[in-house]
Amino acid sequence: MSRLNLTLCTKTALLPQTNKTIAAAAAATSTSASTGGKWNTELRELSKQGQYSQALFFYRQMLRSGATPNAFTFPFILKSSAALSLPLPAFQLHCHVIKSGCHSEPFVQTALISMYFKFCLLGNAYKVFDGSPDSRKLTVCYNALISGYVQKARFLNGLLLFREMMVQGVPFNAITILGLVPGCTIPGHLDLGRSLFCLVLKSGLKSDLAVANCFLSMYLRCGSVDMARRLFDELPEKGLIAWNAMISGYSQNGLAKEVLDLYHDMQLSGLCPDEVTFVGVLSSCANLGAQRIGLEIEEKLERRGFGCNPFLKNALISMYARCGNLVKARATFDAMMHKNLVSWTAIIGGYGMHGHGEVSVELFDQMIQGGIKPDKVIFVSVLTACSHAGLTQKGLDYFDSMEKKYNLKPSSEHYSCVVDLLGRAGRLVEARKLIESMPMEPDGPVWGALLGACKIHKDVDLAELAFDKVVELEPRNIGYYVLLSNIYSDADNEEGVLRVRVMMRERGLKKDPGYSYVEYKGRTHLFMAGDRSHPQTKEIYAELKKLEALKIKYGEQENDELKRDQAIVNTAALHSERLAIAFALLHANTETDILVIKNLRICGDCHLFVKAVSKFVNYQFVVRDATRFHHFKGGTCSCNDYW
């Protein structure tokens, strides 16, 4: 038998001491076994412990000792070669397999197939399978090939093999399903996934927890949340993997309240959450503004020794920023020993959301100076920050640098940010020209950004053009219809408003109801416009009347501009954020800001209202709407009316 070339271990050099240790073990093994039994035991242990280069070295010693490798030797050594990405030794090992007569052994075949898939040599993998008549009778060989194809994004090949398997009467098992189902995790393949699930039900494999968890993840990644929850509820035994899959799935599908409910149920079940659980829950705390729960989780992280986990630290930064606590977000960021790109993205986006574009820009430049290369995601954050802060030229410079300096091709999302940047600055003609020059077809958000700019600058003609484009791309997006209706309303164009309403009615569209909520003593208090369902309704409306009276009392002290605004404020309806503020004032103490979270964008009337109230009431009001934060204090807003 030929010996392996010395290049076997060149990829990962061994320390001299390690070589001596393994050589000594090899010598001891060679004196006691020439048939390979103890050699195989040692190889298995090295492979199991991830000491792959040592395993290759040990195999070479085995050959030199005169011991003969067998079907129990090759799976471990082939796995080691694949793990080290060493194709040349892999080909040599394949020759050894053939010369030893082990090529027809099922587990050797599967090891060869898996190895070739690891090297992306799909043709070689199939030749191993096709070269042995016994392979087409063995479930284990089909499993290796199906799993390899699916992992290499060749789902159709894997599906055809599964069909062939069924036709040939080769039984499938849990491993077959676990290899095939990951290919069904895009919405277009959901029906195939459901068919596989029916097959699993008939075969009785649903009781296998790994299979059930795999289908659970499939439904969630396809956006079929209800089916996932049904499967989850039917599980006779729910392990940590199932809970985490459900929590992560809810989080990724924007169901933040459901995440917190599930987290509560998980705690009641007595199961201990891990890092994966906490990342999903913190993300939902960020979306809901549930800072109290986030604080509790941070305490748990410290107690359980998870405090240095970078994923959790980044989640905490995002959570605190989105809950309105920039001080805590920055303290968490500054305390991190190793800040990665995600950390910088979280803090830069946080400052941008709060209207502190100058700080976002400063941090971005600091990150570049620190040698961290930006990606497309962080450019979205910094461009948005520039847009909200009115840093037009700075934002344009960053956009220009993407391709020229960092070799990053701007996507439609970046163009949308720049259209918004130019539009807010009143440079509508340039914004339109930029859209016309885009190298790709403009999508809904791009035209929507232009439509939003038309609202700010009351350009009805351009708004109608942008609206026609955007509803062609997103005909069911209610926000664009509302935006155009508001533009017509600002221009006193009643005919236009009526036309939009008729269009909405014909298309069966209804405006999402606006709501706002505040957190008090661990409970969330939610309000709708004109809401009278709260137990403290009388006190809330009485507080609103007091605020109106306060404005009237101090009205003579205001300048002409605010007097004009006063008329607008007094005519506004009882929007949800006003009710939330009135409730919060009933229970507020002077040491804390009043945080109100609103699901829609704050309207101009309510923006004026909160500004006026903040002038006469000694609190800072923080309103988080659908796009950003507004900090009201002393009659001014952090957005400088540039929202």
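1. How many salt bridges does the count come to by this rule? In this structure, which is a predicted model, the count comes to 19 salt bridges.

2. Asp-365 belongs to helix H21, residues 357-369, while Lys-394 belongs to helix H23, residues 392-406, and so the pair ties together parts of the chain that are 29 residues apart in sequence.

3. The domain assignment divides out two regions of the chain, with domain 1 covering residues 255-330 and domain 2 covering residues 515-641. Where these regions meet, eleven residues of domain 1 are in contact with seven residues of domain 2, and the two domains bury about 680 Å² between them, with 43% of that area on carbon and sulfur atoms.

4. What does the count of salt bridges between domain 1 and domain 2 come to? Between these two domains the count is zero, although the rule for polar contact does find four residue pairs across the interface, both residues of each pair being at pLDDT 80 or more. On the side of domain 1 that touches domain 2, the elements giving two or more residues are helix H16 (275-288), helix H17 (291-303) and helix H18 (310-322). Of these, H16 gives the most, with three residues. By residue type, this side of domain 1 divides into five nonpolar, four polar and two charged residues.

5. In the model, the span 239-273 is 77% helix and 0% strand, and its end C-alpha atoms lie 11 Å apart. For the span 340-374, the corresponding values are 74% helix and 0% strand, with the end C-alpha atoms 10 Å apart.

Note on methods: Residues numbered from 1 in each chain as written. Predicted model: local features only at pLDDT ≥ 70, side-chain atom pairs only at ≥ 80, totals over all residues. Heavy atoms only, no water. Domains from an automatic or database assignment. Contact = heavy atoms within 4.5 Å. Buried area = accessible area lost by both parts, 1.4 Å probe. Salt bridge = Lys/Arg side-chain N within 4 Å of Asp/Glu carboxyl O. Polar contact = N/O pair within 3.5 Å; in protein donor to acceptor, adjacent residues only side chain to side chain. Helix = DSSP H or I, 4+ residues; strand = E, 2+ residues; numbered from the N terminus. Nonpolar A, V, L, I, M, F, W, Y, C, P; charged D, E, K, R; others polar.
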